[in-house]
Amino acid sequence: MQLEFSDKLELLGGDAANDLACQSCAANPNAAVVTHRANQPLAAPEPPTRPRDLKPWLAYAMRSDGKRIPVVKTLMTSACEKDCYYCATRRGRNAARRETFKPEELAAGFNLIQQRGLAQGLFLSSGVIGGGTRTMEKTIAAADLIRRKYEFRGYIHLKLMPGAERAAIERAIQLADRVSVNLEAPNTARLRKLSGTKHFTAELLAPLRAARALMREQPALARTSMVTQFVVGPAGETDREIIATAIRLYQELRLARIYFNAFRPISETPLENHAPTDPLRALRLYQTDFLLRQYGFTLDELLFDANGLLPLDTDPKTAYALAHPEKFPLDVQTAERAELLRVPGLGPKSAQRILDLRRTHTFTTIQELKNLGADAERAARFILLNGKQPARQLALFSV
Ligand code: SF4
């Protein structure tokens, strides 16, 4: 039976739902913002919920200018020759209904959606059929039509497929604002626990490395950003392994972001009986990722338990501060920027404002820090204001 474009998009959009690598692709746009913040309250995040009237293909992406936009998020095909043990689209899974877009069909359908103002961008992934390069020929053909025939200048995110060749990668970078390869695991040994047909270095790292090499050779291509995603939990990997790999990826490949997808089992897959991963674990990884990228933390400063896991009951920045009583409380008036950034409750913006203002101003109350955007109550026990601990001010106020 031939399906209408809209019916196909419902199916292929639903199949793409597990990929977080377009940033904030949770169905509930608010849930994604909460999940990605560094200075996070300690409660576990609610799993994203999708309002009933929201289309399965509708997601939200963050453009490089920081603007959140609605995007069409879909697979080109839900047929796949790979066997990833966690995936609803894996080969041989009977429950999966397979559908495939033709490039012109997808391009024309997307054009209608964006012209009606329902989306401002496209996130296009795909199952793998005929190898990475042949698969990318289809996604590239669709993106090419969208750019040239339909003259769409907005946001496009394209997947680089496992084992794709350099020419396909180059064309994808030319067409897209963002490209990604989901590594899913932090190294070869862990990936073997997730797939018998994907190869970590030759098939997944290689396209990212090729993309970075192209960007070095042709600086104009470097306007396209690169991201990746890990599926957290089912390979038995530790948080330390994930974070160590993340640091290497940021350094070597200059990735814009890394996403952490808490594993949830899917029926009729080899991991259907594996326990789901606590979403709080993914949140701790996001918080840690922020500490690395925006606060200047190093691997050595992070606290892991004996199993290599981040504490779940405390955010990683507070865990650091509590483990270093010799460094706190520190004097807001004289502390270095790097020291301020290690105070729970102070972020890069509030730290910078403190540095700017303190040249002419002496901070004496936590309200002054609040006015700068700091989470001053949280910071209070770790700082001195005018030589005194504001925690005592708080105690006095609360009597
Ligand atoms: S390559 Fe793996 S994760 Fe991607 S669609 Fe195929 S089975 Fe799923």
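**A friendly note on helix packing and the ligand shell**

1. Let's start with a helix pair: the axes of helix H4 (residues 131-148) and helix H5 (residues 166-175) come within 10 Å and cross at roughly 25°. Axes here are lines fitted to C-alpha atoms, for helices over the stretch in contact, with angles from 0 to 180 degrees between N-to-C directions. Helices (H or I, at least four residues) and strands (E, at least two) are DSSP runs, numbered from the N terminus.

2. Before going on, please note that this is a predicted model, in which local features need pLDDT of at least 70 and side-chain atom pairs count only at pLDDT 80 or more, while totals for chains, interfaces and linings use all residues. Residues are numbered from 1 along each chain as its sequence is written.

3. How do H4 and H5 lie relative to each other? They are roughly parallel; angles under 35 degrees count as such, over 145 as roughly antiparallel, 65 to 115 as roughly perpendicular and the rest as oblique. The crossing of H4 past H5 is left-handed, meaning that the near helix is turned anticlockwise from the far one by less than a right angle (clockwise would be right-handed).

4. On the H4 side, the residues that meet H5 include Met-136, Ile-140 and Arg-147, and their partners in H5 include Ala-168 and Leu-175. Two residues are in contact if their C-beta atoms, placed from the backbone, lie within 7 Å. This contact of H4 with H5 has six nonpolar, one polar and four charged residues. For these classes, Ala, Val, Leu, Ile, Met, Phe, Trp, Tyr, Cys and Pro count as nonpolar, Asp, Glu, Lys and Arg as charged, and the others, Gly among them, as polar.

5. H5 also has helix H7 (residues 200-217) as a partner: their axes come within 10 Å and cross at roughly 60°, so H5 and H7 are oblique to each other. H5 passes H7 in a right-handed crossing. Arg-166, Ile-169, Glu-170 and Ile-173 of H5 make the contact with Pro-207, Ala-210, Ala-211 and Leu-214 of H7. By class, the contact of H5 with H7 holds six nonpolar, no polar and two charged residues.

6. Which residues are around the ligand? They are Cys-80, Lys-82, Cys-84, Cys-87, Thr-89, Arg-90, Gly-127 and Val-128, with four nonpolar, two polar and two charged residues in the shell. A residue is near a molecule if its C-beta atom, placed from the backbone, lies within 6 Å of it.

7. Finally, the protein chain as a whole has 15 helices and nine strands.
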